[in-house]
Amino acid sequence: MLVDNGLLEAIVKKGMDPRYDSYSGFFDDGNHDTGLDALLKTHGITDLIMFGLTTDYCARATAMDARSLGYGVRLIRNLCRGVAPDTTGTAIEKMADVGVVMV
């Protein structure tokens, strides 16, 4: 859905299929595309600045998918929160391993 109110141009929905978890903003766990990649590419966007909940699930999955699709990714750690310290630490390590820059 496109929105032209000066602030938002598009709303990308995830979690629309009750059969699958949907941690990433790009794909659900059934590998169904949300359309985010096409939208970003249409606008020539190559680098993302990310933050959000949860570091160890949604932020991690979205950042990992973004890197696999070729985007540069910066994750603002102070604007993220994880579910648990151990899974958050592991998520941060995995994101860093694939080139997500922590800021």
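Me: Before we look at single residues, which values of relative accessible area separate buried, partly exposed and exposed?

Reply: A residue is called buried under 20% relative accessible area and exposed over 50%, with partly exposed in between. Please keep in mind that this is a predicted model. At 29% relative accessibility, tyrosine 23 therefore counts as partly exposed, and tyrosine 57, with a relative accessible area of 31%, is partly exposed as well.

Me: Is threonine 88 buried or exposed, and in which element does threonine 88 lie?

Reply: Threonine 88 belongs to helix H3, which covers residues 85–97, and its relative accessibility of 15% places threonine 88 among the buried residues. If neighbours within four places in sequence are left aside, the contacts of threonine 88 are Thr55, Asp56, Gly82 and Val83. Across the chain, buried residues make up 30% of the 103 residues.

Me: How is a pair of aromatic rings described, and how many aromatic pairs are counted here?

Reply: Such a pair is described by the distance between the ring centres together with the angle between the ring planes. The count for this structure comes to two aromatic pairs. In the pair formed by tyrosine 23 and tyrosine 57, the ring centres are 5.6 Å apart and the planes stand at 40°, so the pair is tilted. Because tyrosine 23 lies in the segment before helix H1 (36–42) while tyrosine 57 lies in helix H2 (residues 55–68), this pair ties together parts that are 34 residues apart in sequence.

Me: In what order do the elements of the chain run?

Reply: There are three helices and three strands in the chain, and, read from the N terminus on, these elements follow the order α-β-α-β-α-β. Of the contacts in the chain with a separation of 6 or more, 60% are accounted for by residues 24 or more positions apart.

Me: What radius of gyration would a compact globule with 103 residues have, and what does the chain have?

Reply: For 103 residues, a compact globule would have a radius of gyration near 13 Å, and the 14 Å of the chain agrees with this. Taken along the principal axes, the C-alpha atoms fill a box of roughly 40 × 30 × 25 Å.

Me: What can be said about the surface and about the charged side chains?

Reply: The accessible surface of the chain comes to about 6500 Å², and 55% of this area belongs to carbon and sulfur atoms. As for charge, the chain carries 10 positive and 14 negative side chains, with the centres of the two sets lying 3 Å apart.

How values were computed: Residues numbered from 1 in each chain as written. Predicted model: local features only at pLDDT ≥ 70, side-chain atom pairs only at ≥ 80, totals over all residues. Heavy atoms only, no water. Helix = DSSP H or I, 4+ residues; strand = E, 2+ residues; numbered from the N terminus. Rg over C-alpha atoms; globule rule 2.2 N^0.38 Å. Buried < 20%, exposed > 50% of the residue type's maximum accessible area, 1.4 Å probe, protein only. Contact = heavy atoms within 4.5 Å. Areas by Shrake-Rupley, 256 points an atom, 1.4 Å probe, with all protein chains shown as cover. Lys, Arg positive; Asp, Glu negative; His and termini not counted. Charge placed at Lys NZ, Arg CZ, Asp CG, Glu CD. Phe/Tyr/Trp six-rings, centres within 6.5 Å; stacked < 30°, edge-to-face > 60°.
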